[in-house]
Amino acid sequence: MIAPMAFSVLLLIGFLFFTGVGLLYLLFMGLIHYIPLVVIGVVVLYIWIVMMIFHYFNTKKRKKWFGIIAGIFVMGAAVWPIMHLYKESISTVDAEVDVFYYEPFSMGRESKLVSLDEAATLTLEDNLPRIDGATALYPLYAAFVHAVYPEKEYNPYDSEVMVNTTPVAYDNLFSGEVDMILAAGPSDAQLKTAKQKGLELKLTPVGREAFVFFVNQKNPVTSLELKQIQDIYAGKITDWKEVGGNNEPIRAFQRPEDSGSQTALERLMGDIPIMDAPEENVPEGMGGIISEVSKYRNYKNAIGYTFRYYSTEMVGNDEIKLLAINGVEPNKETIRNEEYPISSEFYVVTAGTENPNVEKFIEWMLSPQGQELVEKVGYVPVKKP
């Protein structure tokens, strides 16, 4: 009996060691949803081997009951990874966009960059303003740069002309990394940060855009009233049947704090408190886990929001549909004539730069040529070109 017992102990030590290594690997790789399945699987395997060593399975009845109990535990542990795989199979809407298609003077690849049919009335050769901005606006300010800046490489992530998320662009502006950004207006938190740093933000509108809400293409709802949108995001309307849809709970996604679209939602809600955003645990570096706002996944009962140009021109996802608001569809004409109720301006934002060419460049953006580019790219100009 001593030999089987000693072997069982050595086997346990080996199982613990290799299981520990495996769990650290899963944690490091962000595959935490597989951990319960691995742990239960290893425990079941170890118990089975030990029972074989001690001849416990000397009857069919014992084997049967062990198989049933082990199967229940394994199936229970498999629920989480199965649910994770199902969630991952649901497409996200805010897909990554290959911004290199819009890079100024892009060399040797297909380009989606819009350009003027004539030479620009302004040309800059030195003291080039350093620019950053939101991804959705990169096609526009890249077109501005293509028209005015000298021809050379402007890598979107390492040059005078960068592209980032709205929060990062504002951070770069506040830290003096860039002279100007193109983005939606700042959030209350960003305004507070600027004040704390002693910065005076100057917002110059250069175009108009629609803030849009979207749902799964199969959702029968095609239009919502502004008040219904507010009630959904306040948590007062919780089922699609309350707004003419199917009898399904509304899965209302939000965006990260200080992003341009989250700020737009906050402005839309006014003094109405916004319900807590759905969150998920997300692995981050060395197996650390953080909680952050869930990505929009195109469930049949989901609703999300973004800006019109980004969703229709840059992402072009045909699995979603934009909702009419108060019966008005979001398009360039309804933005232009102000029929669409949630349209707003986007801005060139500066914070006291000393670059002498910044004001010249902004004036050119508001000139007939600059506003023509706003129109050609797909936005609505603030001035008639």
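Biologist: Which residue of β8 stands opposite A252?

Modeller: The model is predicted. Strand β5 (residues 251-252) pairs with β8 in the parallel sense, over two bridges. In β8, A252 stands opposite I303.

Biologist: How many of the six residues of β8 are buried?

Modeller: A302, G304 and T306 point one way from the strand, and I303, Y305 and F307 point the other way. All of these are buried. Strand β8 (residues 302-307) is therefore largely enclosed by the rest of the structure, and its buried count is six of six.

Biologist: Take F307. How far apart in space are F307 and P330, C-alpha to C-alpha?

Modeller: F307 lies in strand β8. Its relative accessible area is 16%, so F307 falls under the 20% cut-off and is buried. In sequence F307 and P330 are 23 residues apart. C-alpha to C-alpha, the separation is 9.8 Å.

Biologist: Which residues does F307 touch, leaving out those up to four places away in sequence?

Modeller: F307 is one of the residues that point the other way from A302, G304 and T306. Beyond four places in sequence, F307 touches E209, A210, F211, V212, G260, S261 and A264.

Biologist: E209 forms a salt bridge. With which residue?

Modeller: The closest N and O atoms of the pair are 3.1 Å apart. The pair links distant parts of the chain, 99 residues apart, with E209 in strand β3 (residues 202-216) and its partner in helix α9 (residues 308-315). Both partners are buried. The partner of E209 is R308.

Biologist: R208 is buried yet has no salt bridge. How far away is the nearest side chain of opposite charge?

Modeller: R208 is found in strand β3. A salt bridge needs a nitrogen and a carboxyl oxygen within 4 Å. For R208, the nearest side chain of opposite charge is E345, at 4.1 Å.

Biologist: Which side chain joins R208 in a polar contact?

Modeller: R208 touches residues including I335, E338, S344, F346, Y379, V380 and V382. The polar contact spans 3.0 Å, and the side chain that joins R208 is that of S343.

Biologist: How many residues apart in sequence are the parts that D179 and R130 tie together?

Modeller: D179 and R130 form a salt bridge, with the closest N and O atoms 3.1 Å apart. D179 lies in the loop between α5 (166-174) and β2 (180-183), and R130 in the loop between α3 (60-89) and β1 (131-133), so the pair ties together parts whose separation in sequence is 49 residues.

Biologist: Which residues do salt bridges that share partners join into one network with K332?

Modeller: K332 forms a salt bridge with E375, the closest N and O atoms being 2.7 Å apart. K332 lies in helix α10 (residues 332-336) and E375 in helix α12 (residues 368-377), so this pair ties together parts 43 residues apart in sequence. Shared partners join K332 into one network with E333, R336 and E375.

Biologist: How many salt bridges does a search of the whole structure find?

Modeller: Among them are D179 with R130, E209 with R308 and K332 with E375. The search of the whole structure finds 10.

Biologist: Is A184 buried or exposed?

Modeller: A184 sits in the loop between β2 and α6 (188-196). Not counting residues up to four places away in sequence, A184 touches Y170, G260 and Y347. Its relative accessibility is 17%, so A184 counts as buried.

Biologist: What separates the C-alpha atoms of A184 and A264?

Modeller: Along the chain, A184 and A264 are 80 residues apart. Between their C-alpha atoms, the distance is 8.1 Å.

Biologist: How many of the 11 residues of helix α4 are buried?

Modeller: Helix α4 (residues 138-148) is mostly covered. Its buried residues include Y138, P139, L140, Y141, F144 and V148.

Terms used. Residues numbered from 1 in each chain as written. Predicted model: local features only at pLDDT ≥ 70, side-chain atom pairs only at ≥ 80, totals over all residues. Heavy atoms only, no water. Buried < 20%, exposed > 50% of the residue type's maximum accessible area, 1.4 Å probe, protein only. Helix = DSSP H or I, 4+ residues; strand = E, 2+ residues; numbered from the N terminus. Pairing = 2+ DSSP bridges. Contact = heavy atoms within 4.5 Å. Lys, Arg positive; Asp, Glu negative; His and termini not counted. Polar contact = N/O pair within 3.5 Å; in protein donor to acceptor, adjacent residues only side chain to side chain.
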